[in-house]
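Open the model in your viewer and keep the selection tool at hand. The stops below say what to select next and what is there.

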Amino acid sequence: MRIGIPKGLLYYRYHAFFETFFSELGSEIIVSEQTNKDILDMGVQFCVDEACLPVKVFHGHAASIKDRCDYLIIPRIMSICKKEYICPKFCGLPEMIIHSIPSVPKVSVDPLYMRNDKELFKWCLSAGSAVTRDSAAIKKAFVSAKKAQKKSRTGIIEPGRRLTVMLAGHPYVVNDDYLNMGIFNKLRAKGIGIITEEFVSDGETREEVKRLVKKPFWTFQRRIFGAACVLIKKNLINGIIYLSSFACGIDSVIIDLIRHFVGDFPMLVIKLDEHTGEAGVDTRVEAFIDMLERRVLNENYNPSPRECVLSGQNPV
Ligand code: SF4
């Protein structure tokens, strides 16, 4: 059995789990290539126009491997934390793929709740049954997959020479070198330190969102907003670069929340879609870094919103 795993969306967070689970069951794993222009073009060709960039790119990944596998893993991830959810686009992902791309092989369609072992195992039993009917083997593969996932890590933390920025956004945009336009290397070349939300603990982000009027509904809303506030409060960053997907409703909420609570703390928002050009991104990143250097190093700028974040007051 050849299992196809598209390298898009939450692959970046959970690839260790999926790959280990199916390879432990004796399957051959076919993972799509790193995102590139061909994959993006295929995604744009097959996906509906209204979808966000990461969903379009996911279509491209699925299309690129569909003829080389017998079973395609399209995780319908619903929730990864108790009482929180993932974007609704994930709920309809298997149907989008089945109806948009011609001649797809069998696809995993069961909803995937990753918030506890019991629910996760339920998905494994169903998806694993495509490979074997031996439930003991599925259980064993599940245990190994969990161990592999525990050891895997996404995100980046790198010290810089003088300045550090938080690279914010959904993990499948921030960690995809094609979608993020190679921003890690651009910042490294300028000696800028980088930190992503993965390096702020879940507990700290939960504390931060307590002052919101309404508890966050989406896990990444809590994680990214909470992490930004914690990093500012601890004085660990000089600015935020937010990589946002055009037409992403969740990004709009997170960006507005961050702006609302941190006032004029430096934040650059880069909207990405299939037409975004690298030269335009380079110019904006360079201008942002110049501005940070001027304000933080030359003008001894101390961002006052830090006090607002500290006190939990609204600076607006
Ligand atoms: S959260 Fe935003 S970027 Fe992610 S799949 Fe949903 S709409 Fe797309």
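This is a predicted model: local features need pLDDT of at least 70, side-chain atom pairs count only at pLDDT 80 or more; totals for chains, interfaces and linings use all residues.

**Stop 1**

Now centre the view on Ile240. Which residues does Ile240 touch, not counting those up to four places away in sequence? They are Met166, Ala168, Ala228, Ile232, Ile258, Phe265, Pro266, Met267, Leu268 and Phe288.

**Stop 2: the two domains**

Zoom out until domain 1 and domain 2 are both in view. Their centres, taken over C-alpha atoms, are 28 Å apart. Domain 1 brings 25 residues to the contact, and domain 2 brings 24 residues. Between the two domains, about 2100 Å² of area is buried, and carbon and sulfur atoms give 63% of this area.

**Stop 3**

How many salt bridges does the rule find across the interface of domain 1 and domain 2? It finds five. Select Lys56 and Glu274 to see their side chains meet in a salt bridge, at 2.8 Å from N to O.

Finish with the side of domain 1 that touches domain 2. Helices H1 (11-24), H2 (37-46), H3 (53-65) and H4 (88-91) each give two or more residues to this side. The largest share, four residues, comes from H3.

Technical notes. Residues are numbered from 1 along each chain as its sequence is written. Side-chain values use heavy atoms; hydrogens and water are left out. Contact means heavy atoms within 4.5 Å. Domain bounds come from an automatic or database domain assignment. Buried area is the accessible area (1.4 Å probe) that two parts lose on being put together, summed over both. A salt bridge is a side-chain nitrogen of Lys or Arg within 4 Å of a carboxyl oxygen of Asp or Glu.
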